[in-house]
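Subject: Structure for you to look at

Dear colleague,

I am handing over the structure we spoke about, with the sequence alongside. Please have it open while you read the notes that follow.

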Amino acid sequence: RRRAPDNWVWSPQGEVAMHLPERWGMLQFASGAVNATPLTYNRQWTVRAVAVAVYYANRAWHQGPGKGSFTDDVALLAAFAPSG
């Protein structure tokens, strides 16, 4: 009988496979006192989040009504975009 994998990570991934960088958390290191350093904003975060949403929507289209094809029709992809 095969045992379930025992994967430990520092944050919940939502998947057993932890090789999903779009679901990784972010760490900010600082030499000052705890909570005394202002947060750093990642300027690429929004663009990366949109790219990941388009990827997953196109993958869902490919596996569903696209029957193995991909599309660049944003109106079609909108229904398959992940929520959140």
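Phe 29 is exposed, because its relative accessible area of 74% lies over the 50% cut-off. Please bear in mind that this is a predicted model, and that every value in this message was computed from it. Phe 29 belongs to the segment before α1, and its C-alpha atom is 9.9 Å from that of Leu 39, a residue 10 positions away along the chain.

The segment before α1 also holds Asn 35, which has a positive phi of about 65° although it is not a glycine. Most residues other than glycine have a negative phi. Asn 35 counts as exposed, with a relative accessible area of 78%. A positive phi, near 50°, is found for Lys 67 too, again in a residue other than glycine. Lys 67 sits in the loop between α1 and α2 and, at 76% relative accessibility, is exposed.

As to the secondary structure, the protein chain has 2 helices and 0 strands. Within α1 the buried residues are Tyr 56, Ala 57, Asn 58 and Trp 61, and α2, at residues 74-78, is included in what covers them. An α-helix has 3.6 residues a turn, so residues three or four places apart point the same way.

For the chain as a whole, 12% of the 84 residues count as buried. Among contacts with a separation of 6 or more, 16% are between residues 24 or more positions apart. The exposed surface comes to about 7700 Å², of which carbon and sulfur atoms supply 59%.

Lastly, there is the matter of pockets. The largest pocket has a volume of about 260 Å³, and its lining is made up of 6 nonpolar, 3 polar and 2 charged residues. The residues that line this pocket include Pro 21, Glu 22, Trp 24, Gly 25 and Met 26, together with Asn 42 and Gln 44.

With best wishes

Conventions: Residues are numbered from 1 along each chain as its sequence is written. This is a predicted model: local features need pLDDT of at least 70, side-chain atom pairs count only at pLDDT 80 or more; totals for chains, interfaces and linings use all residues. Side-chain values use heavy atoms; hydrogens and water are left out. Buried means under 20% relative accessible area, exposed over 50%, partly exposed in between (1.4 Å probe, protein chains only). Helices (H or I, at least four residues) and strands (E, at least two) are DSSP runs, numbered from the N terminus. Contact means heavy atoms within 4.5 Å. Accessible areas come from the Shrake-Rupley method with a 1.4 Å probe; for residues, only the protein chains shown count as cover. On a 1 Å grid over the protein atoms alone, a cavity is a set of points where a 1.4 Å probe fits but cannot get out, and a pocket is an open set with protein on both sides within 12 Å along at least five of seven lines; lining residues have an atom within 4 Å of a point. Grid points are joined across faces, edges and corners, and a volume is the space filled by probe spheres set on the points. Ala, Val, Leu, Ile, Met, Phe, Trp, Tyr, Cys and Pro count as nonpolar, Asp, Glu, Lys and Arg as charged, and the others, Gly among them, as polar.
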